[in-house]
Amino acid sequence: MSVAMGVTEVTFAEKIRELADNAGLSERKLADKAGIPYGTVHNYFISKAVPSWINMIKLSEALGVDCSVFRDCDEDLQKEVASQAHGE
C-alpha cells in the first residue's frame with residue numbers, strides 16, 4: 001500500500017486478495033468461478049500481472065462486487081485499463 005498526494009493506493013494484488021478472502025475463495029476457486037486460468041489469477045495475487053478489462057469484469061462478477069472497487073488500485077492497473085479502453 002502506498003500514499004500518493006494524500007490518497008492511499010492499494011495494489012491490485014492486495015485488493016484481489018482481500019476480496020477473495022472476504023468471499024471465502026482460494027486463488028483456484030476464484031479462477032474456476034471467473035473462468036480465468038489459475039496461473040493468470042495467481043500472477044494477479046503476487047503482483048506479476050494486472051488484469052485486462054474483461055478479466056477484471058470476470059473477477060468482479062465472481063467476487064460479487066462492482067468493478068469500481070478497483071478504482072483506487074495502483075497506477076499500473078489504471079494505465080493498463082486506460083490503454084485497453086483506447087485500443088492501444
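These legends accompany close-up views of a predicted model.

**View 1. Confidence along the chain.** The chain has an average pLDDT of 83, and 74% of its residues score at least 70. Among the elements, helix α2 (residues 27-34) has the highest mean pLDDT, 98. The lowest mean, 48, belongs to strand β1 (residues 2-4).

**View 2. The largest nonpolar core.** This core has 18 residues. Phe-12, Ile-16, Leu-30, Val-41, Leu-59, Leu-63 and Phe-70 have the most contacts inside it. Two or more residues come from each of α1 (12-23), α2, α3 (38-45) and α4 (53-63). In soluble globular proteins, nonpolar side chains tend to be buried together.

**View 3. The surroundings of Val-41.** Val-41 is one of the core residues with the most contacts inside the core. Apart from residues up to four places away in sequence, Val-41 touches Glu-27, Leu-30, Ala-31, Ile-36 and Leu-59.

**View 4. The two sides of helix α4.** The buried residues of α4 are Asn-55, Met-56, Leu-59, Ser-60, Ala-62 and Leu-63. They line one face of the helix, because their directions, seen down the axis of α4, fall within an arc of 165°. On the other side of α4, Ile-54 and Glu-61 are exposed. An α-helix has 3.6 residues a turn, so residues three or four places apart point the same way.

**View 5. Ser-60 in helix α4.** Ser-60 lies in α4. Its relative accessible area is 1%, and residues under 20% count as buried, so Ser-60 is buried. With neighbours within four places in sequence left aside, Ser-60 is in contact with Val-65, Asp-66, Cys-67 and Phe-70.

**View 6. The crossing of α2 and α4.** The axes of these two helices come within 8 Å and cross at roughly 110°. Angles of 65 to 115 degrees count as roughly perpendicular, and α2 and α4 are therefore roughly perpendicular to each other. Where they meet, α2 provides Leu-30, Lys-33 and Ala-34. Lys-58, Leu-59, Ala-62 and Leu-63 are the residues of α4 that these meet.

**View 7. Two residues with positive phi.** Ser-47 is in the loop between α3 and α4. Ser-47 is not a glycine, yet it has a positive phi of about 60°. Most residues other than glycine have a negative phi.

Notes
Residues are numbered from 1 along each chain as its sequence is written. This is a predicted model: local features need pLDDT of at least 70, side-chain atom pairs count only at pLDDT 80 or more; totals for chains, interfaces and linings use all residues. Side-chain values use heavy atoms; hydrogens and water are left out. pLDDT is the predictor's confidence in each residue, from 0 to 100. Helices (H or I, at least four residues) and strands (E, at least two) are DSSP runs, numbered from the N terminus. A nonpolar core is a set of buried Ala, Val, Leu, Ile, Met, Phe, Trp, Tyr and Cys residues joined through side-chain atoms within 4.5 Å. Buried means under 20% relative accessible area, exposed over 50%, partly exposed in between (1.4 Å probe, protein chains only). Contact means heavy atoms within 4.5 Å. The arc is that of the directions from the helix axis to the C-beta atoms. Axes are lines fitted to C-alpha atoms, for helices over the stretch in contact, and angles run from 0 to 180 degrees between N-to-C directions. Angles under 35 degrees count as roughly parallel, over 145 as roughly antiparallel, 65 to 115 as roughly perpendicular and the rest as oblique.
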